[in-house]
Amino acid sequence: MNKFEFWQKWGKKLDDKQFANSFMVLGIFESDALSKKRYKSPGSLQDIVREIIRYSMGINNKNKWKPKEKDYFLHWRFPEKNSTVRIGRDDVFLADLDPLSVSNAWGSLINEPDLVLQIKILDFPIKEMVSPWFRLFQNASPSIKAVHIDLNTDKVLPQVKWPLRLGYFPGNKAEKDVRNAFFYWPSSELTQIVCIDRENDNCDLLIFNGNTTQLLKMMLDSPVPHKTNLIIIHGSFEDDLKPLYNRLFNIIAESHANGFVIVNPNVKDESMARAINRLVENLSHNQPLDVAIFEAFTKSYHCDPVICLSKDLASFQIEHLLEKMYKRLESLPKGAHLEMKSDSFERMGIPTKEIGKDDFIRPDFAAKKLREFKKAIIFEREDTGATGMAKMGKAIETSECESIDKKQIKRFLQKQVYITKDGKLVEEERAFFKGISTIIRIRIGQPDKKWGSLGTEFSTEKLPKDRDEWCLSVVLSEPDHIDKPLRKPIKLPKNGPSTECEFQIIPGKKPVFEGRITVIHRGRILQTALLKGRVVKDSEKLNENDVISFDDILSVRSNIVDLGERRQFDLALVHNRTSHNRSWITAISANHEWVADIPDSNEIIGDLNTELSNIAMSPRDYHGGLEIKENVQMLVKLAQIGRSLYGLIVEDYIKNSGNETSFEKVEYIQVVSTQADDLIPLEFIYNAVAPNNDAKLCPPMETLQKIPEKGKRLAEINKLIDGTCLEVGNCSKKCKYQTVKYVCPIGFWGVTKVIERHMTPKQLKQSESGHYLQTEPTTLRGFLDLEGSALVAASTKVKKARFEQVIQSCTSHLGLPPQEVKNWDQWKDTVKTIKPRILLALPHTEGSKSDASLEIGGKSILSGQITPDYVHPEDEPTFPLVALIGCDTAGTSLDYGSYVSWFRRGGAALVISTIAKVFVDHATDVAEQLIEGLISETDKYERIGEIIRAIKQKAIIEGPLMALCIVAFGDADWKLTTK
C-alpha cells in the first residue's frame with residue numbers, strides 16, 4: 001500500500017469534498033513544526049488550523065487576514081501517518097485523527113471570505129503518482145487561490161517579455177493549441193507566436209503536445225539551445241515514475257525553465273487553447289503567475305493539471321516588468337522617439353491632460369511618467385494597463401533598434417599577460433617564457449592604460465536595452481603551444497567593461513607564440529585577434545624591441561544590437577596562416593573547440609578545376625541534368641574528389657575523438673577567412689563513401705528521373721530531398737544506397753548545409769574611419785528587396801546571343817528589363833541613377849593580387865579601384881546583392897579576395913561568386929540559374945543561406961552542374977523579398 005492509498009482508506013467514509021478538505025489540513029499539520037513547539041496549542045482542530053495560518057503568515061490582527069507580504073505562500077507537505085500534531089497538551093498521530101473533524105476544520109474557514117491562500121507544496125513521495133492527490137486541491141471548500149509544487153532550481157528566471165511569447169516546436173501538435181489560443185482576445189493583442197528553431201530560440205511559454213520522454217528527446221536533438229520560462233505539457237505523467245523526475249530536471253537544465261504544467265492528455269484541444277488564453281487574460285489583470293495558472297487550468301477550464309513552479313516564477317506579475325521598462329526608456333539616447341500615442345498612457349491610467357503632443361514620443365518623458373504613476377497603473381481590464389504596456393514595449397524595442405547613442409564610450413577587446421615569478425603574478429609585456437606559467441586575461445572595455453586594446457572598436461551600438469548583459473564566449477587557440485583551444489565565458493553589460501576571463505598556459509619550445517583570440521556568440525564569430533610574441537628561455541634572451549603585440553584580425557559583425565535575434569550556427573571555422581605560412585583553422589562548436597592544420601586549398605581547388613574543365617571543353621555533352629549519362633559520370637568524379645576532401649579536411653584534420661559525435665550533425669557552418677588567397681572548398685566535401693568509376697545514380701533518384709512530366713518529376717524529387725536526403729546529408733539518418741556502387745547527388749556539403757562565408761584580408765580591413773564595416777542584417781534591416789531593374793554587364797568574351805539569355809532571364813523573373821552597361825564608368829553612373837538592388841557581372845579576370853582586374857565591355861578595372869559608388873549612391877545605402885559570375889572571380893590560384901572583399905567593403909550586402917573556374921560558355925547558364933533561383937526559391941525559403949543551398953540542389957537535378965560552384969560571401973541571415 002502506498003502512502004496515498006493509506007490516506008484514501010483512512011478517509012473512506014468521507015465524500016470527495018470532505019476528503020479533499022481533510023487532506024488539505026493534514027498537509028498543513030505536516031508542514032508546521034511550530035504547532036508542536038512554539039505556542040500553546042488550542043484544544044480544537046479548527047483553532048489549530050487558524051493559528052497555524054495566522055502565525056505562518058505573520059497576521060497579528062485577529063479580525064483580519066491580511067498577510068505581511070503580498071507574495072506569501074502557505075507551505076504544505078505530504079502527510080506522514082506517524083507525524084503528530086499538538087492538541088492541547090497532547091501529541092496526536094495524524095493517522096489517529098478523526099477524518100470528519102479534520103475535514104470540518106478546513107470547512108470552518110468558509111466564514112472567512114477575506115482569507116486568500118496560495119499553497120506551496122514542499123515535499124511529496126516521488127515514487128507515487130502525483131495527479132490523484134494533487135487533484136484534491138481543486139475540490140477543497142473553501143477553495144484556495146492557487147497551489148503549486150515548489151520547484152527548487154538555481155536557474156535564473158529568463159527575461160520575460162510582454163507581449164508574451166507563446167512558443168512551440170516545429171512539427172509538434174502544440175502548434176494548433178498555440179494558434180487557437182492566439183485566435184481569442186486578449187491573446188491576439190497580448191501575445192506573439194514563436195516557432196522554436198534556429199531563428200527563434202527563446203520564448204516565455206512553451207507549449208508541447210506529448211510526454212516528457214518525447215519532449216526531452218526533442219530538446220536534446222535540437223541543433224540549438226533554447227530558453228523558456230514555463231513549459232505546458234499537454235500529456236500525462238508516465239507510469240514509470242522512477243526516471244520521470246530525472247527527465248523533468250533534465251528538461252529544466254536544457255531549457256532554463258523555472259516551471260512546468262502537465263495537463264491531462266484527454267483535455268480537448270479547444271479547452272487547452274481557451275485555458276492558455278485565460279492564463280494570458282489573468283496575467284493582464286496583474287495576477288501572480290501561480291494564481292493565473294491555477295484559475296485558468298482548474299476553475300475556468302478543467303484541465304486536471306499538475307503545476308510546478310519556482311518561487312520567482314510563481315510570484316511573477318506583469319507589473320514587475322515596469323522597472324525594466326523605464327530603465328530601457330532612460331537608456332535611450334536623447335533625440336530618440338517612441339512611435340506611440342497618448343492612448344497607451346491613458347490605457348495605463350497615466351493622466352495626459354495639459355501635456356503637449358510631442359511629449360508622448362520622448363523616452364525621457366515616458367520614463368518619468370512611468371516612475372511617477374507606477375503604483376497607480378490600472379489592470380482592471382485586459383485593454384487597460386496590460387495593453388498599454390504591450391504597445392509601449394513594442395515602441396521601445398523599435399526605438400532601441402533604430403537608435404545609436406553617439407556619446408556611448410567605445411569599447412575594445414583587451415588583454416593583459418602575467419607570469420609567475422617568485423610565487424607572485426607579475427605583468428609581462430615583452431615576451432613569453434618557456435616553461436613558465438602564464439596568465440592571459442581578456443575582457444571588453446573602454447580604453448585603459450592597464451589594458452592592451454585592439455585598434456578596432458568591438459561595437460558601434462549599444463546592446464539591447466531589455467537585457468542587462470550578454471553572455472559571450474572567448475576562445476584562445478595556438479597551434480604550437482596549446483594542445484587544445486581554451487574556452488571561457490564573459491558577460492558584457494550595456495555599459496562599462498565586461499567581466500574578465502583567464503587562460504593559464506605554459507609556453508613550450510617553439511620560438512613564437514601566436515594565439516588567436518576569438519569572441520563568439522550563438523555559434524557565430526564576432527571578432528578575432530592575434531596575440532603574438534617571442535618565446536624565450538629567460539630574461540637575458542630578450543631584445544630591446546621585444547613586445548607582445550595584440551592586433552585585430554577580423555571583425556565579422558560591427559553591430560551587436562540584436563544578437564538575441566541571430567540564428568544559431570553549429571560550427572564556426574576561423575581560417576588563417578601562421579607567420580611561417582602554415583594554413584590552419586580554429587574550429588568551434590557548441591561543446592567542443594579544436595585546431596587543425598589543413599592542406600593547401602589551392603591544390604585541392606586545382607584538382608576540382610581540372611575535372612570541371614571537362615564540362616567547359618564539351619558543353620553540349622553536359623547540357624541538362626542527371627538524365628544525361630555524362631553528368632552522372634562527372635558527378636562520380638566530383639564525389640571521388642569530394643571524398644578525398646572529406647578525408648583530408650574532416651577525418652585527418654577536423655574530427656577527433658572528443659568532437660566526432662557532435663560534428664556529424666553539423667548543418668549550419670560559418671567560415672571566416674583572414675587570408676586573401678585561401679579558400680577551404682567545403683562545398684565539395686562528399687559525405688558518402690567514394691563511388692566506383694562505373695557507379696550509377698542511386699536507385700530512388702534514378703527512378704524519379706524517369707517520370708516523363710517535368711513538374712511532377714521535380715515535385716517528387718524535392719519530396720525525396722526534403723524528406724530523406726537532407727537528413728542523410730546531415731548524418732541524422734543512414735541510407736542503404738550510400739555504397740561504392742552508387743553516387744549520391746545530395747552527398748555534397750554544398751547541397752546539404754548552409755555555409756556562411758566571411759573574408760577580410762588584413763590589407764583591406766582599414767577604412768578612413770578606422771573600422772572595416774560590412775553590411776549585415778539587423779532587426780529592422782533584415783530584408784534585401786530585389787524588386788526593380790537590375791544592372792548587368794559582361795566581358796567581350798561573352799557571346800552576345802548567350803548574354804541576351806541572361807537579360808531575358810532578368811526580365812522574366814524580376815519583372816523589369818535590366819539596365820545593361822558597357823564599361824565601368826557607365827556602371828558607376830547607372831548605380832547612381834537607378835539604384836539597382838542586383839548588380840550582375842559576367843567579367844573576365846586578369847592578373848592576380850594587387851594587379852588583379854575585372855574586364856567588362858573590353859575595359860578593365862583594378863580590384864583596388866572598386867569604391868563604394870560602384871555599389872550604391874553616396875549617402876544612400878541600398879545594400880544591393882552583387883553577383884560576379886565568370887572565370888576566376890572567386891578563387892583558384894588567383895587572389896579571389898581582391899574582388900569579393902572590395903565589393904563587400906563598398907557596401908554590398910552579399911557578393912555571390914564561384915568557388916572554381918566557370919568558363920565563358922557556362923557563365924551565362926549559371927547566371928540564369930542564379931537569377932531564377934533567387935526569385936523562385938523565395939516561395940519556399942526566405943533566407944539567402946537556404947536559397948543558395950536550394951539553387952545547388954536544383955542544379956544537381958536539372959543542371960547546369962557548374963552552378964555547384966556558386967558561393968555567397970556575407971551574412972546567411974539576409975531575407976530576400978520581391979515586394
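These are my notebook entries on a predicted model of a protein chain.

**Entry 1. The chain as a whole**

I began with the overall counts. The secondary structure of the chain consists of 29 helices and 40 strands. I then looked up burial and found that buried residues account for 59% of the 979 residues. I also examined contacts between residues at least 6 apart in sequence, and 76% of these join residues at least 24 apart.

**Entry 2. The nine-stranded sheet**

I traced an open sheet of nine strands, whose order is β1-β4-β5-β11-β10-β9-β8-β6-β7. Its pairing is mixed. I asked which strands stand at the edges. They are β1 (74-77) and β7 (191-195); each has a single partner strand, so one side of each is left without a neighbour in the sheet. On average, neighbouring strands here are turned by 25° against each other, direction ignored.

Strand β6 (residues 164-168) and β7 run parallel and are joined by five bridges. Within this pair, I noted that Arg165 has Gln192 in β7 as its bridge partner.

I next looked for a helix against this sheet. Helix α12 (residues 289-300) lies across β4, β5 (146-150), β9 (230-234), β10 (259-263) and β11 (306-309). The helix runs at about 115° to β5.

**Entry 3. The three-stranded sheet**

I turned to an open sheet of three strands in the order β34-β35-β36, where the pairing is antiparallel. The edge positions belong to β34 (844-846) and β36 (859-862), each with a single partner strand, so one side of each has no neighbour in the sheet.

How many bridges link β35 and β36? I found four, with strand β35 (residues 853-856) pairing with β36 in the antiparallel sense. Glu855 stands opposite Ser860 of β36.

**Entry 4. Helices α14 and α16**

I examined helix α14 (residues 321-331) together with helix α16 (residues 363-372). Their axes come within 8 Å and cross at roughly 155°. Since the angle is over 145 degrees, α14 is roughly antiparallel to α16. The crossing of α14 past α16 is left-handed.

I then listed the residues that meet. From α14 these are Leu322, Glu323, Met325, Tyr326, Leu329 and Glu330, and from α16 they are Pro363, Ala366, Ala367, Leu370 and Arg371. I sorted the residues of this contact into eight nonpolar, no polar and three charged.

**Entry 5. Val92**

I located Val92 in strand β3 (residues 90-93). Is Val92 buried or partly exposed? Val92 has 22% relative accessibility and counts as partly exposed, because buried would require under 20%. Leaving aside neighbours within four places in sequence, I found Val92 in contact with Ser83, Thr84, Val85, Ile87 and Leu97. I also checked Asn82, ten residues from Val92 along the chain; the C-alpha atoms of the two are separated by 9.0 Å.

**Entry 6. Ser108**

I found Ser108 in the loop between α5 (99-107) and β4 (118-123). Ser108 is buried, as its relative accessible area is 15%. Beyond neighbours within four places in sequence, Ser108 is in contact with Gln46 and Arg50.

Conventions
Residues are numbered from 1 along each chain as its sequence is written. This is a predicted model: local features need pLDDT of at least 70, side-chain atom pairs count only at pLDDT 80 or more; totals for chains, interfaces and linings use all residues. Side-chain values use heavy atoms; hydrogens and water are left out. Two strands pair if DSSP finds at least two bridges between them. Helices (H or I, at least four residues) and strands (E, at least two) are DSSP runs, numbered from the N terminus. Axes are lines fitted to C-alpha atoms, for helices over the stretch in contact, and angles run from 0 to 180 degrees between N-to-C directions. Angles under 35 degrees count as roughly parallel, over 145 as roughly antiparallel, 65 to 115 as roughly perpendicular and the rest as oblique. A crossing is left-handed if the near helix is turned anticlockwise from the far one by less than a right angle, and right-handed if clockwise. Contact means heavy atoms within 4.5 Å. Ala, Val, Leu, Ile, Met, Phe, Trp, Tyr, Cys and Pro count as nonpolar, Asp, Glu, Lys and Arg as charged, and the others, Gly among them, as polar. Buried means under 20% relative accessible area, exposed over 50%, partly exposed in between (1.4 Å probe, protein chains only).
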